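Here is a short briefing on a predicted model.

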Amino acid sequence: MIAILAVAALPWLITTPYWRGILVVCAMNVLLALSLNLVLGYTGQLNLGQSAFFGIGAYVSTILVKTYGWNFWLAAAAAVGAAGLLGLALAAFAVRLRGHYLAIASLGFAVITYQVLINWEKVTEGVRGIYGIVPPVRGTLALFYVVAGIAVVVYVLMDNLVRSPVGDTLRSVREDEISAASLGVNAAVWKAFAFGICAGIAGLAGCFYPGFVGTLVPDAFNIVESFTMMAMVIVGGMGTMIGPVIGAIVLTFLPELLRGFGESRLMIYGLALTLVVLFMPGGMVQAWLAVKARWSS
Amino acid sequence: MSDLAALVVQQTLNGVYLGCLYVMVALGLTLIYGVLNQINFAHADFVTVGAFAAFFTATRLATRVLGLPEAGGYLLSLVVALGVGALLGLAVNAAVFAPLRRGDELRPLIATIGVSVLLENFQLWLFGPIPYQFDSPFSRETIRIGRIFFTLQSVLVVAVSAASIAALYAFMRFTFLGKALRAVAQDRETAGLMGINPNLLIGLTIVIASALAGVAGALLGPVLVLTPFAGATVVVKAFAIVIIGGFGNVQGTILAGILVGVIEAFTVQYLGSGLIDLVVFVLLLAMLVVRPTGLIAERKEENV
């Protein structure tokens, strides 16, 4: 409840258009980190293909609206479906592959998607990009409320999901697939479930991206974006609900706050990322819990 | 020789040359994976650092300060890039890999992403975003045999790659350290019990891998558009090669590297250069479905 009020109050505290824009980006990143966390944190599958799902959501929704004149929300639903299907396709690999093999396979998935966006010029306009995309709602403020609202709904639903028996099932797949199988858990089905939801939510986040920026180019879905999303989950604390949210907020605002350092800001960002991994093994959430435990004892 | 035969031979040669470049990049990745079970996402930036080190050696230090001829300058730059790569490996091992040795596989992976961002932007700050023109004096010399053309540079690339592979092989086979390294790759704990210091050897592996990346950068410099992000374009393909060859399998990596080079050369010839990555990664996914262990099956008892 407090969280919802805080989200609602944020745009009044931050009034400049630029920072309101950052808020929208932040809400999208929260969605992306939340969805990745389901696969990475709860199901234990290394997925470096998140940027592909984000991109599919963006392109499918935009093309349906611009070329075929669909209603945005209908197009968004189709985009979520398309991204979800792609997630199921990646899950087919996840059933057979483990650990680093899956990481590279999903990376390959992201590269292929990126290359298709570049090369399939008839549909995607390739590197020239699609221009003049209007957001589904008027104004940055309204867009923020829509995306942040969706993020809150997704958070609540996912929080319920991971605390339900389904969450336990996913965790059992993460901890030990063979033991899980001996207890009657069909790991393949649950991996497909996690990948499908993860991809669908990433696709949903993607629907709002082109309207916000106004243009759509394949470079926005370069594989580097997958790394950034993964970093958000890890820095915040994977396998916890609030961790990826914090990670997304920190890693969205950190580069912006470092703008004062000019050119060297991304250097500091890289350094900060490395240091967090080195000194906060469980991410920021666990570090906070450890500090709190020491303080109270 | 008919037109088609000449074309096929020419493209195969181009492919082998390209493949050798990829092998030089991929070898380091596969070595680190074989010994540590780690993916180094900063490998791309080691290649870039090597390329810049070579560029400044060849165009500034060697020719202007030392007064060497151009060809000598380029050869010296290969050695400098090797050294710079090795030093970088030493530093990254001390800062990231050594402290994160215990614990899950994810953390070092993310830490190397952080190192990668750091290195890329440090170079961006140092060298700026405008591409550097790195000409190798050997690229201007063309050799012609019948209707087949190739540059002296491609001969040099193939020779340096072959020499590196031979040196690596000899080191692994015939020296005590090489034997110890293979022991650590097989079973770190047991090797430790036999009086081998695994940490030292893991450090050595990373230094060798990074030195190879440095040389790869020096060889790639004249091919790439030399910017702080140059390495990243090649390394994604190197990841694919490492998988196609079988993770941590050196012979598989060499075979896969050359195969990908040849496939790429023919893709450019028949389908267009825009589709290279697409073809390579579809091949990768197909490979993972059909034969997840790679071209040469990973033998559990020996994977270096």
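Val234(B) is buried, because 22 other C-beta atoms lie within 10 Å and the cut-off for burial is 20 or more. Its place in the chain is helix H9 of chain B, residues 230–245.

**Around Val234(B)**
- Val234(B) touches Val25(B), Val47(B) and Leu220(B), leaving aside residues up to four places away in sequence.
- Leu224(B) is 10 residues from Val234(B) in sequence. In space, the two C-alpha atoms are 8.9 Å apart.

**Chain A against chain B**
- Chain A gives 34 residues to the contact, and chain B gives 33 residues.
- On the side of chain A, the elements that give two or more residues are helices H4 (72–96), H5 (99–119), H11 (223–236) and H13 (265–279).
- H5(A) provides the largest share of that side, 14 residues.
- By class, the side of chain A that touches chain B has 24 nonpolar, 8 polar and 2 charged residues.

**Helix pair in chain A**
- Helix H2 (residues 17–42) packs with helix H12 (residues 242–257), both of chain A. The angle is about 140 degrees, and the axes are 8 Å apart.
- H2(A) and H12(A) make a right-handed crossing.
- From H2(A), the residues in contact are Ile22(A), Val25(A), Cys26(A), Asn29(A), Val30(A), Ala33(A), Leu34(A) and Asn37(A).
- They meet Pro244(A), Val245(A), Gly247(A), Ala248(A), Ile249(A), Thr252(A), Phe253(A) and Glu256(A) in H12(A).
- The residues of this contact between H2(A) and H12(A) divide into 11 nonpolar, 4 polar and 1 charged.

Terms used:
Residues are numbered from 1 along each chain as its sequence is written. Chains are lettered from A and ligands numbered from 1 in the order in which they are written. This is a predicted model: local features need pLDDT of at least 70, side-chain atom pairs count only at pLDDT 80 or more; totals for chains, interfaces and linings use all residues. Axes are lines fitted to C-alpha atoms, for helices over the stretch in contact, and angles run from 0 to 180 degrees between N-to-C directions. Helices (H or I, at least four residues) and strands (E, at least two) are DSSP runs, numbered from the N terminus. A crossing is left-handed if the near helix is turned anticlockwise from the far one by less than a right angle, and right-handed if clockwise. Two residues are in contact if their C-beta atoms, placed from the backbone, lie within 7 Å. Ala, Val, Leu, Ile, Met, Phe, Trp, Tyr, Cys and Pro count as nonpolar, Asp, Glu, Lys and Arg as charged, and the others, Gly among them, as polar. A residue is buried if 20 or more other C-beta atoms lie within 10 Å of its own, exposed if 12 or fewer, and partly exposed in between; C-beta atoms are placed from the backbone.
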